[in-house]
Amino acid sequence: MPLSATRGQPLTGRVRVPGDKSISHRALLLGLLARGETRISGLLEGEDVLATAAACRALGAEVTQDGPGAWRVFGVGVGALAEPREVLDFGNAGTGSRLMMGVVAGHGVTVTFDGDASLRKRPMRRVLDPLLKMGAEIVSESEGGRLPLVLRGNGDPLPIVYETPVPSAQVKSAVLFAGLNAAGRTTVVEREATRDHTERMLAHFGARIFVEPEGEHGRRITLEGRPNLKGREVEVPADPSSAAFPLVAALLVPGSDILIEGVMLNPSRTGLIKTLREMGASIEVAETRGHGGEEVADLRVRASVLHGVDVPAERAPSMIDEYPVLAVAAAFAKGETRMRGLAELRVKESDRLAAVTAGLAANGVDHRVEGDDLIVRGGRVRGGGTVETHLDHRIAMSFLCMGLASDEPVTVDDATMIATSFPDFVPLMTRLGASLKA
Ligand code: S3P
């Protein structure tokens, strides 16, 4: 389904974006691995997370919905997964599939993993390599370690020390999940610290987990195996990666003034806010408070004149999903924005570096790629282009934000994937005053 965004009135009003996707996946997985009842509020009910819920059911948990965002999981406990009869289809979700590979790798079950055309293209070796070291086996796989693949877990996995070769919270989390059923300590070393939701949630469910600094930007995480995880309450805070879209749109549409309620400000996720502020964005952080073990705050965002900045590579893990929308902001900023160290963007839901540059080109934005850096020369944006989204929700939402401020409307060829992470994107943006039309 194509969708177009047209420049119009200022964006105004108060909104709440859906629950954090990373935390939602982890809440369900830990619900499965804990004994007893886990109650979740604020769960993201996007397609990615619903696929994880279905997979948890297939592995033996009872998963029920009590109301909007309110879910209950009766878990089976570490070591007690049931072998599913069906293929586990994760749709578009890299996080759900990779984290579940970790869970399965540490249990004596054989599971077939599959997904949509986008997920079938994504590299799984980065997760499988450490899981094989822990004793899991690949029964069959598609070329280059891709889905569909059949993974045979090991009910007595080896505890390992593993240094992640790429900064990836998914790889780290998969190893820790496999280590839950290991007799001993599993350690993950990361040279660049990535989002720490798995560590926080493991501790919340009763695991013993230790985190130490490693080098200048890294961490060493050690988990004691075979904990007795108990069902808990989990409150999922609003997703900063979804808040990024109304936030950038409000900065770009002249006269806008919006409030986004209760956005999670975990320091491993706030790179975009930091960068936009350096660019001159007016983002006020108010009513900072605790919510479900995380700091959240209301963000007041007012339209701002932006200027180009140099975004260091070390910041990438804290804003990895936000580069498409940052590139859109940079297109309207005066001067040049250099985003460094974007190699990981090539293996997201699409090759995001290619999808972003194609979208910028289609809308007349001056840009270039040098190695792994993207350089955007901003100013006035002509728009008028049609952007190919390649089954990538964030490419769709980012370029719709562009169209709200460009001279001519911007069209995305297919907006259906937005439902994977932000099912209410169109009504929410429309409530703020955005003009989005099929
Ligand atoms: C996620 C980690 C990131 C991110 C993804 C969610 C997670 O992926 O891009 O959207 O919840 O662990 P990588 O681990 O591949 O960087």
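## A loop, a helix and a domain interface

Leaving aside neighbours within four places in sequence, Pro167 is in contact with Glu192, Thr194 and Pro317. That is a handy place to start exploring this structure, which is a predicted model.

**Pro167 and its surroundings**

- Pro167 sits in the loop between β10 (161-163) and α5 (169-179).
- Along the chain, Pro167 and Glu192 are 25 residues apart, yet their C-alpha atoms are separated by 5.8 Å.
- Pro167 has a relative accessible area of 37%, so it counts as partly exposed, a class that lies between buried, under 20%, and exposed, over 50%.

**Thr164, in the loop between β10 and α5**

- Thr164 is also found in the loop between β10 and α5.
- With a relative accessible area of 3%, Thr164 is buried.
- If you set aside residues up to four places away in sequence, Thr164 touches Val171, Lys172, Val188, Val189, Glu190 and Arg191.

**Helix α9**

- Have a look at helix α9, which covers residues 323-332.
- Here 10 of the 10 residues are buried, so the helix is largely enclosed by the rest of the structure.
- Among the buried residues of α9 are Tyr323, Pro324, Val325 and Leu326, and the helix also buries Phe332.
- Several alanines of α9 are buried too, including Ala327, Ala329, Ala330 and Ala331.

**Two domains in one chain**

- Stepping back, the chain is divided into domain 1 (3-19 + 237-437) and domain 2 (21-235).
- The C-alpha centres of domain 1 and domain 2 lie 28 Å apart.

**Where the domains meet**

- In this interface, 29 residues of domain 1 are in contact with 28 residues of domain 2.
- The size of an interface is often given as the accessible area lost when the parts come together.
- For domain 1 and domain 2, the area buried between them is about 2,300 Å², with 49% of it on carbon and sulfur atoms.
- There are four salt bridges between domain 1 and domain 2.
- Glu294 forms a salt bridge with Arg200, and their closest N and O atoms are 3.1 Å apart.
- Polar contacts join 16 residue pairs across the interface of domain 1 and domain 2, counting pairs with both residues at pLDDT 80 or more.
- On the side of domain 1 that touches domain 2, the residues divide into 11 nonpolar, nine polar and nine charged.

Conventions:
Residues are numbered from 1 along each chain as its sequence is written. This is a predicted model: local features need pLDDT of at least 70, side-chain atom pairs count only at pLDDT 80 or more; totals for chains, interfaces and linings use all residues. Side-chain values use heavy atoms; hydrogens and water are left out. Domain bounds come from an automatic or database domain assignment. Contact means heavy atoms within 4.5 Å. Buried area is the accessible area (1.4 Å probe) that two parts lose on being put together, summed over both. A salt bridge is a side-chain nitrogen of Lys or Arg within 4 Å of a carboxyl oxygen of Asp or Glu. A polar contact is a pair of N or O atoms within 3.5 Å; within protein, one must be able to donate a hydrogen and the other to accept it, and residues adjacent in sequence count only if both atoms are side-chain atoms. Ala, Val, Leu, Ile, Met, Phe, Trp, Tyr, Cys and Pro count as nonpolar, Asp, Glu, Lys and Arg as charged, and the others, Gly among them, as polar. Helices (H or I, at least four residues) and strands (E, at least two) are DSSP runs, numbered from the N terminus. Buried means under 20% relative accessible area, exposed over 50%, partly exposed in between (1.4 Å probe, protein chains only).
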